[in-house]
Amino acid sequence: MNYGPLVFLTAFVALSASWFGFVLTPQIQIGRLTESTNTLNTAELYPKARPGQAAQGLQVYRANGCAACHTQQTVQEGTSIDVYLLEVGTNAAAVATALVNANVGFTRIDDPGFFLNLPKNILPGTTIEAAKRAFKGAQSAGAKAQIRINPQGPDIARHWGVRGSVAADYLFDQPVMLGSQRVGPDLSNVGARLPDVNWHLLHLYAPQQVVKGSLMPPHRFLFNVSKAGQHPSPDALQVPPEVAPAPGYEVVPKPEALALAAYLVSLNSSTPVFETPMTLASSATSTNSPAK
Amino acid sequence: MSQSIKRSAPASPSSSQPLLKEPAFPIWLIVFLTLLLYAGAVYFDGHGSGFHPQVYAPYSSYTQLADLQITGPPNPLEIGFRVYHKPSCVSCHQASGAGSPGQFPPLVGSEWVQEPEPGRIIRAVLNGLQGPISVKNQQYNNAMVAWGGVFSDEEIAAVITYIRQNKDWGNNAPAVTADRVKAVREKIKGHPGPFTADELLKIPAAD
């Protein structure tokens, strides 16, 4: 018996099914994604196209294989919901009653210390329904409360990002530098924690000078070491003595290095979007923790 | 390879065709695979959210996500924080609001920032500010660019509210509304270029 047509048909069905599933459906779903208004400030669109120099920096990032050691994708594994009491208002007893009546786990609030040291997290790790009930109750009794939604996960705990990455974050990137190995920290939000272009330039030139024991290879070929001469370049990098060139010479970043630094500074995915609801803390945490 | 030959050799020495006395595919395996498929489908149904493009792990349905969108007026202090750190103001006045001596005046404790009526600093931020100015008894003579073209009324109002009410800085002055910024924008339409401190001081505070 000749199985040729059957084999052909089977292969055709299998391939077209995967094409539908992996190419066509995602294209229909997010292929026409555009900037949208974010949830915090509806006047503002997210994401914004990268400025020209930063867009060129993406190509430098790609050409130098930074994606071999760095991902650009933070993972969110959960969400915790807290209710903060900001101000009690004039009638603390009414607020206490309202919170008890909201049926969120308080059986009685008679400790006057409960209303001290505000703002205070009165319902850590609750559900959204309970949070909304407590919020309504507190508000009707004249208190000020806030529901805070905090994305959770190991990446977020490391301050690599404030929320999980979503498709919109990569809207203007071509190609998307997701990366797959984390020899170094995730960079999807590096512009928010390290907003200084000079930090990045020096880090590219001499990582070990900036971060003790850094495993990142220096990228000195992105810099020119040239005679300072009579008119030192205004762009020249201030380098620590350990890695300074011979006296009379200066380290000048090439355009590639400047573009790359501009790109790194533009990597910022801390805007809240519909896909990952969150409440921004009123002060940014900017810790620079290398991968452990 | 050699193993499979060894295994099949003694199976049916007489005939080359194996006889199908019982189903080649055991019935228990069919049942097991069906159950597995069923469990998979149930899991998928619970977690896949119908392939909705806006639903990502850890969320499993659109309604769950919609529930978490806390609607209500956005907190101007949070918008202001973000406008301040765009990076815009932060590059000169610093995250601490302390500015830098002799160059950029502080916003912390500044009498300009904390004026009860915000009319003057709205003007300074909208159109920019240049020339000699005294802030906290220190003289500065520098220039600040105009922000009116960069930010909307809401954002200007939010950032000014943020610098006026920043508790970490010890500032505490009334909030500024977007309507107020809009009104000031109208009034200074005819004023090209940045203001100077002297000019601002001549404007009535409540204007």
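Pro175(A) is located in the loop that runs between helix H5 (154–157) and helix H6 (190–193) of chain A; helices (H or I, at least four residues) are DSSP runs, numbered from the N terminus. The peptide bond joining Gln174(A) and Pro175(A) is cis, with omega about 0 degrees. The model is predicted, local features need pLDDT of at least 70, side-chain atom pairs count only at pLDDT 80 or more, and totals for chains, interfaces and linings use all residues. Residues are numbered from 1 along each chain as its sequence is written, chains are lettered from A in the order in which they are written, and side-chain values use heavy atoms, with hydrogens and water left out.

Chain B also has a cis peptide bond, from Ala57(B) to Pro58(B). Pro58(B) belongs to the loop between helix H2 (27–47) and helix H3 (62–67) of chain B. The two bonds are listed below.

| Cis peptide bond | Omega |
|---|---|
| Gln174(A) to Pro175(A) | about 0 degrees |
| Ala57(B) to Pro58(B) | near 5 degrees |

Another backbone feature concerns Gln94(B), a residue other than glycine whose phi is positive, near 70 degrees. Gln94(B) sits in the loop between helix H5 (90–93) and helix H6 (119–127) of chain B.

Within chain B, helix H7 (residues 153–165) packs against helix H8 (residues 178–187) at an angle of about 115 degrees, and their axes are 8 Å apart. Axes here are lines fitted to C-alpha atoms, for helices over the stretch in contact, and angles run from 0 to 180 degrees between N-to-C directions. H7(B) and H8(B) are therefore roughly perpendicular to each other, a term that covers angles of 65 to 115 degrees. Asp153(B), Glu154(B), Ile156(B) and Ala157(B) of H7(B) meet Ala178(B), Val181(B), Lys182(B) and Arg185(B) of H8(B), where contact means heavy atoms within 4.5 Å.

The two chains also touch: 22 residues of chain B are in contact with 33 residues of chain A. About 2,400 Å² is buried between chain B and chain A, and carbon and sulfur atoms give 56% of this area. Buried area is the accessible area (1.4 Å probe) that two parts lose on being put together, summed over both. Tyr56(B), Glu78(B) and Arg82(B) supply 25% of the area that chain B buries against chain A, more than any other three residues.

One salt bridge is counted between chain B and chain A. Lys132(A) forms a salt bridge with Asp67(B), with the closest N and O atoms 3.8 Å apart; the term requires a side-chain nitrogen of Lys or Arg within 4 Å of a carboxyl oxygen of Asp or Glu.

Key. Helices (H or I, at least four residues) and strands (E, at least two) are DSSP runs, numbered from the N terminus. Angles under 35 degrees count as roughly parallel, over 145 as roughly antiparallel, 65 to 115 as roughly perpendicular and the rest as oblique.
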